[in-house]
Every structure is written in C-alpha cells, then in structure tokens.
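Hi everyone, thanks for coming.

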Amino acid sequence: MAGTRPEAGAQRRGRRIMMTRDERDAFLTAQRTCRIATVGRDGAPHIGALWFAWDGTALWLYSITRSKRWAQVRADPRVAVVVDDGHAYGELRGVELTGRAALVGEAPRTGEPCPELAVPERLFAAKYFGTAEMPHDGRHAWLRLTPESAVSWDFRKLPG
C-alpha cells in the first residue's frame, strides 16, 4: 500500500467498529493533536505529541527540527501515529497510521516557496491560527506521512 491511500476494507479486526473513509477523513480533519512514535538508534520507541493537518491522503506533521523526534525520523523514517478521542468507553474512537515520514520543504521552514506545502500550510494555518497564511518561526519543518496502513475504531458503533 505504499504511496496509496489505505482502504477501509484492509482492516481485518474490528470491522464493525471501523470508520468509513468519510468518517476517518472528517475525524482526522477535526482533531487537533496526534501522538507520533519514532524509533531510536537502539530500537527504543519515543512518543511525542504534535499538531498536524490531514489533506485526505497524507498526514502533515509540523515538528521542531531540534527535537529528538526529528533526529530519529532523519535516521529512521518509520513512524506510527495515533489520533484518538473520547472519555467514556462507548465514546472511544481513533485512527492509527503507519508508514515512513518524509521531509518536505526547507528545514527549518522559513517560508521559501514550496508548492507541495501550499495545501497543508493553508489547512494548518486555518486550523491552529485562524489565519489564511502560515506563520513561519524558523524552528519547525514539515514531515509528510503517506500511510502504508490505517486502522480505525469507533466504539460508538458498538451495539447496546
């Protein structure tokens, strides 16, 4: 599935509670925080929270370039990302995306023209800053995760 959008039918377990493609897109568009797991040189996992944008095909992660996460992704691009929500058991829902993160644009990002970032930066700026244009601080840069696999769950679909 590398380079393609994972289909909901690829999920074997929990099919009755998995999200449809439209539900997954709406969920990823609305949620504000994800947790990304990276792999250290010694194989140890590292998990951190990030803001993100979903464009319907890829998850765009806005990361500080001087972070442990950034160094680990540069050394080993394999990542897993979870976006979840809910308090009570019957409200739990979420999406797990796995694949390889790719650096897009300059690092750190200062706003140099990069057509590939036009959509994610517009989405991100509207979502987090309420603006039409992305503010650049010279400390962050973009990672794109085009999922190789996607698993979702929505416990609100459980009977009873």
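Let's start with a charge and a ring: lysine 127 lies over the face of phenylalanine 52, 4.0 Å from the ring centre. Keep in mind that what you are looking at is a predicted model.

There is another case like this. The charged end of arginine 32 sits over the ring of tryptophan 51, at 5.6 Å from its centre.

Now for rings with rings. How many aromatic pairs does a search of the whole structure find? It finds 10. Take tryptophan 51 and phenylalanine 124: their ring centres are 6.4 Å apart and their planes meet at 55°, so this pair is tilted. Tryptophan 51 belongs to strand S2, residues 45–54, while phenylalanine 124 belongs to helix H3, residues 118–129, so the pair ties together parts that are 73 residues apart in sequence.

Are these two residues buried or exposed? Tryptophan 51 is partly exposed, with a relative accessible area of 37%, whereas phenylalanine 124 is buried, at 0%.

Next, please find tryptophan 60 and tryptophan 142. They form an edge-to-face pair, with 6.4 Å from centre to centre and 80° between the planes. This pair also links distant parts of the chain: tryptophan 60 is in strand S3, residues 59–64, and tryptophan 142 is in strand S6, residues 140–145, 82 residues apart. Both of these tryptophans are buried.

Notes: Residues are numbered from 1 along each chain as its sequence is written. This is a predicted model: local features need pLDDT of at least 70, side-chain atom pairs count only at pLDDT 80 or more; totals for chains, interfaces and linings use all residues. Side-chain values use heavy atoms; hydrogens and water are left out. Rings of Phe, Tyr and Trp (its six-membered ring) pair if their centres lie within 6.5 Å; planes under 30 degrees apart count as stacked, over 60 as edge-to-face and the rest as tilted. Helices (H or I, at least four residues) and strands (E, at least two) are DSSP runs, numbered from the N terminus. Buried means under 20% relative accessible area, exposed over 50%, partly exposed in between (1.4 Å probe, protein chains only). A charge sits over a ring if NZ of Lys or CZ of Arg is within 6 Å of the ring centre and within 35 degrees of the ring normal.
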